[in-house]
Amino acid sequence: MKVVNVSSVPQRSPFRYPGGKTWLVPVIRNWLRARGSAAIELVEPFAGGGIVSLTAVCENLVGTATMVELDSDVAAVWGTILNGEGAWLTRQISRLSITADTVEGLTRVRAGASLRRTALATLVRNRINRGGILAPGAGKVKSGENGKGLTSRWYPETLRKRILSIMEVRDRLHFIYGDGIEVLRQYSKLRNKMFFIDPPYTVAGRRLYTHSEIDHNYLFDLADNLSGDFLMTYDNCSRILRRARNHGFEVEEIPMKSTHHSTKIELLIGRDLGWLRGVNKLGSDSAFKLI
């Protein structure tokens, strides 16, 4: 089983997102090529870094995409970029000098700050925190890459280009600041939707995310009642496998490389994963195992 080389995948998100799915993009492409169309809207109820929605729209695999996120700080970034304030954000990023003092000032941004100011502070925190973690208690990088400390992951020109690229397709991107499970419930009977469901995982979610507690049983019930096709990802554990089998879903194992460079197995879950068995013939560098 081969692990996807993420350097071969276009990096479109402004986030270094813990649990992000850049490594899954080759599989997402094949899923959308098999099931999607220009008439389809992709819905990502736990958007986070948004790489799946961004890929789907930028590569014209669907007509439009809706991203949903409950974390107010992450939502501020998407709201700022998609509501026309992205140019302001790129200017601030270009001008910002990352020092202990500027970081301290930005990380003290509190409720009541403007949306765009919160967005800027969030991107800075995302870049200077270990692993990009935004949850309370996350620590900052110390020595960083090559001893660069706080600046080791701060690439202003890269961030600027990514944000400007997102702005070019923002008329096809919709953002909802809210509960992804509630959006799934509201959209459940709509047939022109496809759903990529990447919830906070049962084991690591609490460490990585501000909003990590969800009703996993209810999420599986919702998925079972969706009129549109869905693809779900989860941590590889017996409880999730049992839930999937109880609903009659198909499950595949897929390898990924963790932030500590160890290979881990995650689960892909759907009603019918027959399209996946031809992925290698379509040019993906991943291999899968039906379980």
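At 28% relative accessibility, does Glu-182 count as buried, partly exposed or exposed? Glu-182 counts as partly exposed at that value, where buried means under 20% relative accessible area, exposed means over 50%, and partly exposed lies in between (1.4 Å probe, protein chains only).

## Model and overall make-up

This is a predicted model, in which local features need pLDDT of at least 70 and side-chain atom pairs count only at pLDDT 80 or more, while totals for chains, interfaces and linings use all residues. Residues are numbered from 1 along each chain as its sequence is written, and side-chain values use heavy atoms, with hydrogens and water left out.

The secondary structure comprises 10 helices and eight strands; helices (H or I, at least four residues) and strands (E, at least two) are DSSP runs numbered from the N terminus. The protein has 291 residues, of which 51% count as buried. Among contacts with a separation of 6 or more, 71% are between residues 24 or more positions apart, a contact being heavy atoms within 4.5 Å.

## Packing of helices 1 and 2

Two packed helices are described by the angle between their axes and the distance between the axes. The axes of helix 1 (residues 25-35) and helix 2 (residues 51-58) come within 10 Å and cross at roughly 50°. Axes are lines fitted to C-alpha atoms, for helices over the stretch in contact, and angles run from 0 to 180 degrees between N-to-C directions. Helix 1 and helix 2 are therefore oblique to each other; angles under 35 degrees count as roughly parallel, over 145 as roughly antiparallel, 65 to 115 as roughly perpendicular, and the rest as oblique. The crossing of helix 1 over helix 2 is right-handed, that is, the near helix is turned clockwise from the far one by less than a right angle.

On helix 1, the contact involves Val-25, Ile-28, Arg-29 and Leu-32, which meet Ile-51, Val-52, Thr-55 and Ala-56 of helix 2. These residues divide into six nonpolar, one polar and one charged. Here Ala, Val, Leu, Ile, Met, Phe, Trp, Tyr, Cys and Pro count as nonpolar, Asp, Glu, Lys and Arg as charged, and the others, Gly among them, as polar.

## Packing of helices 9 and 10

Helix 9 (residues 216-224) packs on helix 10 (residues 238-246) at an angle of about 30°, with the axes 10 Å apart. That angle makes the two helices roughly parallel. Helix 9 passes helix 10 in a right-handed crossing. His-216, Asn-217 and Phe-220 of helix 9 make the contact with Ile-240, Arg-243 and Ala-244 of helix 10. Three of the contact residues are nonpolar, two polar and one charged.

## Salt bridges

Side chains of opposite charge can pair when their charged atoms come close. The structure holds 11 salt bridges, each a side-chain nitrogen of Lys or Arg within 4 Å of a carboxyl oxygen of Asp or Glu. One of them joins Lys-21 to Asp-198, with the closest N and O atoms 3.1 Å apart. Lys-21 lies in the segment before helix 1 and Asp-198 in the loop between strand 4 (193-197) and helix 8 (205-208), so the pair ties together parts that are 177 residues apart in sequence. Both Lys-21 and Asp-198 are buried.

Within helix 7 (residues 180-187), Arg-185 and Glu-182 lie three residues apart, about one turn of the helix, and their side chains meet in a salt bridge (2.5 Å, N to O). Arg-185 is partly exposed, at 42% relative accessibility. In helix 6 (residues 156-168), Glu-157 and Arg-160 are likewise three residues apart, about one helical turn, and form a salt bridge whose closest N and O atoms are 2.8 Å apart. A network of salt bridges links Arg-12, Arg-29 and Glu-59.
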